[in-house]
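Colleague: I am new to this structure. Please take one part and look at it closely, then show me what surrounds it.

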Amino acid sequence: MSLISCRNLKVGYYGKPILSDVNLDINSGEFICIIGDNGSGKSTLIKTMLRLAQPLGGKIVYDSSLKKTSVGYLPQEIKAKSDFPATVFEVVISGCINRLGIRASYNKEERAIAMRYIKTLEIEDIIHKSFRELSGGERQRTLLARALCSSEKVLFLDEPFNALDIHVTNHLYHTLAKINSEYGVTIVMISHDVETALKHVNKVVYVDGTVKFVGTPCEYKKLGGQNNELAN
Amino acid sequence: MNWLTDISNIIKFMPEAIIAGVLLSVSASMVGVILVLKRFSMIGDGLSHVGFGAFSLALAANTFLDAHLNVSIDKTGWEYLVAIPLVIIVAYILLRLGESKKIKGDASIALIASSALAIGYLAINLTGGTSADISKYMFGSITTVTTTQMYICCGVAAVVIGLFLCFSNHIFAVTFDESFAKAIGLHTKTFNTILSILTAVIIVFGMRIMGTLLISSIIIFPALTSMKLFNNFKKVVWSSAIISALCFIIAFFAFYQYSSAASIVIVNLIAFIIATIVGKIIRRFSKK
């Protein structure tokens, strides 16, 4: 079942298309990695699917079960400032804001959801720590927990492993694989580290002007990756 | 006990000024936390210049109508009817420009602020305005706060405090990461519109107390002072409101015979320095 279907989609900024004729299905339970060169439109594609940017053409069909409030998102570079006064728990539970409606405070259920993902991401020890004092890895795990709180259905991650060392990256990949397999969360991720991503995801999308390849990591490897056949 | 008599006399003769000042300080500091965290610290400065431009244009239009067209109109609150809508529009544009990659927020604030100041100054000069008119808008005059203005300040404070009491979690989410908040379905446009309106109203009425040149201090200082002491968003918001009110009261009663606006800034500056030192001591001890 397709949760999100892009049909002849054209995405870009200020009327200038970056990707055209995008036909792509995001199916339930998939762990997808979108790859491509810098400036190839990966982030713009994700933002368009998240309704953060307007499509320049074509359409996106969302499954009826997928409401605007049932997606989680980890932006590429968080605009939150290094001096933002917030504890880790405040940041994580803010992912439940789309469940809050017009209530003033979070209820027991929402606190339990936040605690569940705090445990999944193994950040229980730092929940009272200030967000501005966190390391890069701790920060990403906190933001990932927040993204999970906002949705247990689809998770969009825009370069979640940027500037993280290989040890932290591998640890986060295992956590994502667990979230995908155990909780059934569909994950759509952008990564520049193709080699590592191929080990963990079950679908690869290569973009360069349009969608040039959609398939499994094995099929992608057989084609020789983006440097050979796909680039031609 | 002369100072006690002085204080009771001030309270007796200027209750509107004290109430309006405390409530505006509280409102400005709470909204200020959002503006500082959204990297819009200078928006208060920019908008106050726009407010000056709008007040000056209203004053110039009045003078022109009186002198040349012999039109007699009721001038009560006329300058506010010009300034508030104009400042709201500019506030909204500036907050929207902050999201744009084409024009940087700080550059647009500088552009609009200097243009508005120039237009206002020129308008006053062309219509024979006096330096007293300019000084009133530039440096504020708390003693001339009217009962109507005090009631408006009560309304603004009620709205700001009410919003923070009911929606502090929503405000946190949007301030912390607007694109995330938008992606998961929050109405960030509504948030920004409300923020623009509140900022504009606070600045236009705050100009009466603090003047064009110093108004941004009551928006920025309390937020920065609280951020030196607390690591939690809600604590920062409420403590900045308390700090701001205390600074206003101390400045008002201790230096009422001097410039009230300048005294408020100086007391806020002292509070900031003390908070910086206390914050460092707290962090050093908490690490141990």
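**A close look at B:V156**

Modeller: Start with the contacts. Leaving aside residues up to four places away in sequence, B:V156 touches B:S27, B:V201, B:I202 and B:F205. Keep in mind that this is a predicted model.

Where does B:V156 sit? B:V156 belongs to helix α7 of chain B, which covers residues 147-176. Is B:V156 buried or exposed? B:V156 counts as buried, because 23 C-beta neighbours lie inside 10 Å; the cut-off for buried is 20 or more. Now pick a residue elsewhere in the chain. B:A61 is 95 residues apart from B:V156 along the chain. The C-alpha atoms of B:V156 and B:A61 are separated by 28 Å.

Next, step back to chain B. Its secondary structure is made of 11 helices and 0 strands. Read along the sequence, the pattern is α-α-α-α-α-α-α-α-α-α-α. Helix α7, the one with B:V156, is part of that chain. Of the 288 residues of chain B, 50% count as buried. Look at contacts between residues at least 6 apart in sequence: 80% of them in chain B join residues at least 24 apart.

What about overall dimensions? The C-alpha trace of chain B spans about 75 × 60 × 30 Å along its principal axes. Its radius of gyration is 20 Å. A compact globule of 288 residues would have a value near 19 Å, so chain B agrees with that.

Now turn to chain A. Here 6 strands form an open sheet, in the order β5-β6-β7-β3-β8-β9, with mixed pairing. Strands β5 (71-74) and β9 (211-215) of chain A stand at the edges. Each has a single partner strand, so one side of each is left without a neighbour in the sheet. From one strand to the next, the twist averages 15°.

Strand β3 (residues 31-35) and strand β8 (residues 203-207) of chain A pair in the parallel sense, over 4 bridges. A:I32 stands opposite A:K203 in β8(A).

Helices lie across these strands too. Helix α1 (residues 42-49) of chain A lies across β3, β6 (154-158), β7 (186-190) and β8 of chain A. Helix α1 runs at about 145° to β7(A). Helix α5 (residues 136-150) of chain A lies across β5 and β6 of chain A. The angle of helix α5 to β5(A) is about 165°.

Conventions
Residues numbered from 1 in each chain as written. Chains lettered and ligands numbered in written order. Predicted model: local features only at pLDDT ≥ 70, side-chain atom pairs only at ≥ 80, totals over all residues. Pairing = 2+ DSSP bridges. Helix = DSSP H or I, 4+ residues; strand = E, 2+ residues; numbered from the N terminus. Axes fitted to C-alpha atoms, helices over the stretch in contact; angles between N-to-C directions. Contact = placed C-beta atoms within 7 Å. Buried ≥ 20, exposed ≤ 12 C-beta atoms within 10 Å, placed from the backbone. Rg over C-alpha atoms; globule rule 2.2 N^0.38 Å.
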